[in-house]
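Subject: Structure handover

Hello,

Here is the structure for you to pick up. My notes follow below it.

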Amino acid sequence: MNKVSILATAGLAVCTYSSLSTAQQINNGMNPAISVVLQGQYVDYKQDPEDYELPGFMLGGEAGLAEAGFGLGHGELVMSSNVDDMFFGKLTLAIAEHEGATETELEEAYIETLGLGSGITVKAGRFFSNVGYLNGQHTHAWDFIDAPLVYRGLFGNQLIDDGMQLRWLAPTDLFLQVGAEMGRGERFPAGGASDEGKGSQAFFIELGGDVGVSHSWQVGLSHWSADVVGRQSGGHAHGGGATEVPTFTGDSDVSALDVVWKWAPDGNFVQRNLKLQFEYFKREEDGTVELENSGPPVETTTYKGEQTGWYAQAVYQFRPQWRVGLRYDSLDSDNTGSDEDVLAEAGLDDEGHKPERSSLMFDYAHSEFSLVRLQFNRDKSYENADNQVYLQYVMSLGAHGAHLF
Amino acid sequence: MPYIKSLIVICLLCVALPSQAALNIFACEPEWASLSQEIGGEKLSIYSATTAKQDVHSIQARPSLIAKMRRADLVVCTGAELEAGWLPLLLQRASNRKVQPGQLGYFMAAEHVERLDVPQVLDRSMGDIHAGGNPHVHLDPYRLLIIAQLLNKRLGAIDPSNAAFYQARLEDFQTRWQAAINRWQAQAQPLKGLSVVTHHKDWRYLLDWLGMKAVATLEPKPGLPPNASHLAKLKKQMAEQSVAMVIRTAYQEARPSKWLSGKTAIPAVQLPYTVGGSAKASDLFGLFDETLALMLEASGQ
């Protein structure tokens, strides 16, 4: 026993010394964790990417295709830290090149509580909405270089808003989380920051758990709605005149179902693992569409739209560092209005075409900080089918990132 | 007088009742689940987030773990960045103030003992190295003892009504553990001075304790899987150097060490590494018993 207590004293002395030095090393002094993500690609298309469209969907946000040839993807600068014992804060700057100019966009800037008690969390600021599954993930965490068609068609790739989120995690072994969001409603696919800057709402419920030691799953149901005023989508000019820009004003409702299933032998993801993912979205819109800068008189139509889309994907890591993935996308729309010509001008005529796309990707991650990806798309978004080849790199520097399930 | 008696009984019940509900322990690794069990016994309800067959460097921050952490009274993990890819997310998503860094419910075992190989220079070209030094501390029985003492203190602080219970169990554990250390050290004498090749630097503290030497790793850099050119180099190195064995855990791929063993006739051994890593390693005592037995067998002693 004597030996033990001497040991213990020595140990405590050591511990006092080393926990001080550890605190400094691990928290990097008092500085936030900083990381930089570098992305770039080489792209080859059969069709002209400028001609790209999704018939039946008004495109906006970042829905366009990457330029052909060499190009930079989003660079990301991420800073995060616990603010104090009550709050966590995070800032993500996206830096991108658009037509020769460097643009900086505030992608995320939010604070979040670290446990108010009773499983309640409040988040405020600019953040990725919890609608759908992939929406909450940064582009660098995606399994394919591009967003699923349904995200491109409905959200302009990602649903981001300024606002608040309230969520509650149930005290059960089964993962059960419900939450609500209220947003400003200014960014695509909302618009106009209506209702005095409270134009969008969302609700979500998520369930998840394990089946044995090798399987885990998550299912989510979510709903997003907005009172949209003057949402603009991509415009085009007629014979040298002013650019006609289609705008939508009215109600927009999106319902979503997402399912994710992961498998790894013995739950050990390092050697082999499989990830299956499925999401379904349905959007209903009711209001008017106007072509800004048309006429006079300005061309307008009533508009009642229903757009649905889903994708399913499987990504298999067949040996350490190497993965292969398959994805299939499908969209459908049924839009009606008082003036079919104006609807067609706004891109809301489905032209008798159901967009679909098949993708195949391989990637190699030398370490968890670097990834090189090759992807092929057979893209039938519109009548001219396109073959797309992407070669991409995604690398992260700095703080060790952690990724959501 | 009888009513005073019943009052005392009621008061005792009042004190005793809250402690009826066992403390929920969320252990990141099986070794900490097992150590908590030694000290807390039936007063704790313990959940281990991982098994001996999983590489804890890369665990998914999956929904079931978030749900478990939501209800935890104490999170016992290795820390020192070992769980950097998943633990911060669980803490953030679990909405549980009790277990946030700085709170009593947050206990990072490796951060309470001196760690070896704290890098002087941090650069990722050296692989996925941990700024706080090698975190795999549990295979040094002396460090484990220090951690046991601190864990006992922490349990007593969170659950004062059972502090004496934890203290008594700790003392019992210490006596048995010290006796076991003496036995293991006597047993392990023949291993002293031997050189080994390890898959990853998981074994740093075990080898340090036993006076053994790791001359190389199968991983070309920490966190990178073994590759053919590196293994070929090792084969050459092992021909020139006397190496007693190639060791790996239950969660690491067997092929590289078996290949090397086949080419060099040096035995490849799978050691339990943590509790549950083999049938006999069913608790911390079994873990060390089995580890030493397998190493002695492989070294031909």
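Two residues are in contact if their C-beta atoms, placed from the backbone, lie within 7 Å. By that rule, residues 24 or more positions apart account for 63% of the contacts in chain A with a separation of 6 or more.

Some ground rules. This is a predicted model: local features need pLDDT of at least 70, side-chain atom pairs count only at pLDDT 80 or more, and totals for chains, interfaces and linings use all residues. Residues are numbered from 1 along each chain as its sequence is written, and chains are lettered from A and ligands numbered from 1 in the order in which they are written.

Chain A

Chain A has four helices and 18 strands. These are DSSP runs, numbered from the N terminus: helices are H or I with at least four residues, strands are E with at least two. The radius of gyration of chain A is 24 Å, close to the 22 Å of the globule rule for 405 residues, so the chain is as compact as a globular protein of that length. That radius is taken over C-alpha atoms, and the rule is 2.2 Å times the number of residues to the power 0.38. Along the principal axes, the C-alpha atoms of chain A fill a box of roughly 95 × 45 × 45 Å.

Buried residues make up 39% of the 405 residues in chain A. Buried means 20 or more other C-beta atoms within 10 Å of the residue's own; exposed means 12 or fewer, and partly exposed is in between, with C-beta atoms placed from the backbone.

The A–B interface

Here 49 residues of chain A are in contact with 48 residues of chain B. H1(A) gives the most to the chain A side, with 12 residues. By class, that side has 21 nonpolar, 21 polar and seven charged residues. Ala, Val, Leu, Ile, Met, Phe, Trp, Tyr, Cys and Pro count as nonpolar, Asp, Glu, Lys and Arg as charged, and the others, Gly among them, as polar.

One residue to look at is Phe175(A), in strand S8 (residues 175-183) of chain A. Phe175(A) is buried, because 26 other C-beta atoms lie within 10 Å. Leaving aside neighbours within four places in sequence, Phe175(A) is in contact with residues of both chains, including Leu207(A), Gly208(A), Pro63(B) and Ile66(B). Phe175(A) and Ala101(A) are 74 residues apart in sequence and 45 Å apart in space, C-alpha to C-alpha.

Chain B

The domain assignment gives domain 1 (21-183) and domain 2 (188-298) of chain B. Such bounds come from an automatic or database domain assignment. The C-alpha centres of the two domains lie 24 Å apart. In all, 26 residues of domain 1 are in contact with 24 residues of domain 2. H2(B) gives the most to the domain 1 side, with five residues.

Helix H2 (residues 30-40) of chain B has 10 of its 11 residues buried, so it is largely enclosed by the rest of the structure. Its cover includes strand S1 (23-27), helix H5 (141-158) and helix H10 (284-298) of chain B. Just after H2(B), Gly41(B) takes a positive phi of about 50 degrees.

Chain B also has an open sheet of four strands, in the order S6-S5-S7-S8, with parallel pairing. Two strands pair if DSSP finds at least two bridges between them. Four bridges join strand S5 (residues 195-198) of chain B to S6(B). Thr198(B) has Thr217(B) as its bridge partner in S6(B).

Best regards
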